[in-house]
Amino acid sequence: MMFRFSVGLLKAGAWLGFRSNTRALCLVLRCENPLALSPRAWNVTRRQFGAFVAVMSGAGCDLSCWMTHAWDAPRSFPPLQRTQIVELACLEPIAEGLHITHWTSQDLARQAVADGLVDAISPRTVRRILHDVDLQPHRTRYWRTTHLDARFKERAEKVLWCYARAERLARQGIWTVALDEIPNYQVLERNPIRRALPGFIEQREFEYTRHGTVNLLLFLVIHTGRMEVAVEAKKDAAHYIRELKAFRHRHRGLKGVFLIQDGDPSHTSGQTEEYWSDGRDWWRPRFTPVHASWLNQAELLVAAFGYHYLKRGSWRSREEFIDHVLISAPEYNRRYAHPFVWTWTNQKMREWFTKHEHAAEFLA
């Protein structure tokens, strides 16, 4: 009886496409009556090559139970139950009397059973159901509410107008330049750093030594994608104006610059406005709307430059870091500089503004 059952299982494994040379099936039978085995005796895991390893021990398991667990999939649940699980995942856990901050697949599986939505379901099946509707309750992203008012529309239109005409203006000797800052960047030293080897990813010491902070000011020339960087000794209007004067001196052959920037206090101070007015329209400042700095293309430059030259660095002093930044900027221009793809036009902005303005009025 024992022998015939073992042979039958092996034949079933061969029928499923398992081969002995891949070690796809391993059976350990320790029961006088194999057909009366309990479900807890089976442990089924997926192998790398798509097969299964079934390990049977203890008092026993029903073969149909093993097949159910092995091929558990969302298709075994009717559409109504899957919809109810998606609806549950869209609720805040507090609605179910829980104080966890977000759902995990394990929590959802447990709660679905507790609510009587299903008799039993695995976390893996929950993940499949959520994947089918592109729902990820375990993830989150930050965002900032934009003030949708007349001033937003006015500022956004001016900025987008400059982007759309950057190349045409450049041929007339007028550049469009976006500007952004990296304030108080921490200069950190990590030692040692174990570089990547075949089979091993790079390892970095968690502990670090601080060497102070540095303020960086990045200029992005829109029509070329090239950058310039300045180091500010202090983040205030006086040092900001000094760097603007240096930029103008370097490009004194231009007829003017449309300068895209956010509403930082150093950009909008009375001292800075006085400098604008004395520039005889050489500087033509354009400000992004409140809480809409994503309209500033210089943020794309900060992300790109930081990824290539700042993200995984280690420096032994502020001076070493500053030298690194000043040397890196020309290299960035040689290797990576190109105009950023920007498809958000004034027309798209107006359509978006109208849609969200009405939504904001409805919620208010």
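Student: What does the chain average in pLDDT?

Tutor: The chain averages a pLDDT of 82, and 77% of the residues score at least 70, where pLDDT is the predictor's confidence in each residue, from 0 to 100. This is a predicted model, in which local features need pLDDT of at least 70 and side-chain atom pairs count only at pLDDT 80 or more, while totals for chains, interfaces and linings use all residues. Residues are numbered from 1 along each chain as its sequence is written, and side-chain values use heavy atoms, with hydrogens and water left out.

Student: Where is the pLDDT below 50?

Tutor: Over residues 1-74. That stretch has 100 contacts in the model beyond near neighbours in sequence, a contact being heavy atoms within 4.5 Å. Where pLDDT is low, the predicted coordinates should not be read in detail.

Student: Switching to rings, how many aromatic pairs are there?

Tutor: There are 18 aromatic pairs, counting rings of Phe, Tyr and Trp (its six-membered ring) whose centres lie within 6.5 Å, with planes under 30 degrees apart called stacked, over 60 edge-to-face and the rest tilted. One of them joins phenylalanine 305 and tyrosine 332, edge-to-face, at 6.1 Å centre to centre with 75° between the planes.

Student: What does that pair tie together?

Tutor: Phenylalanine 305 lies in helix α11 (residues 298-309) and tyrosine 332 in helix α12 (residues 318-335), so the pair ties together parts that are 27 residues apart in sequence; helices here are DSSP runs (H or I, at least four residues), as strands are (E, at least two), numbered from the N terminus.

Student: Phenylalanine 305, buried or exposed?

Tutor: Phenylalanine 305 is buried at 0% relative accessibility, and tyrosine 332 is buried too, at 3%, given that buried means under 20% relative accessible area, exposed over 50% and partly exposed in between (1.4 Å probe, protein chains only).

Student: And which residues link into a cluster through ring pairs?

Tutor: Phe219, Phe247, Tyr275, Trp276, Trp282 and Trp283.

Student: Now asparagine 215: where is it placed?

Tutor: Asparagine 215 is in strand β6 (residues 209-221), and with a relative accessible area of 8% it is buried.

Student: What lies 2.8 Å from its side chain?

Tutor: The backbone nitrogen of asparagine 184 lies 2.8 Å from a polar atom of the asparagine 215 side chain. Setting aside neighbours within four places in sequence, asparagine 215 is in contact with residues including Ile182, Pro183, Asn184, Ala230 and Val231.

Terms used:
Polar contact = N/O pair within 3.5 Å; in protein donor to acceptor, adjacent residues only side chain to side chain.
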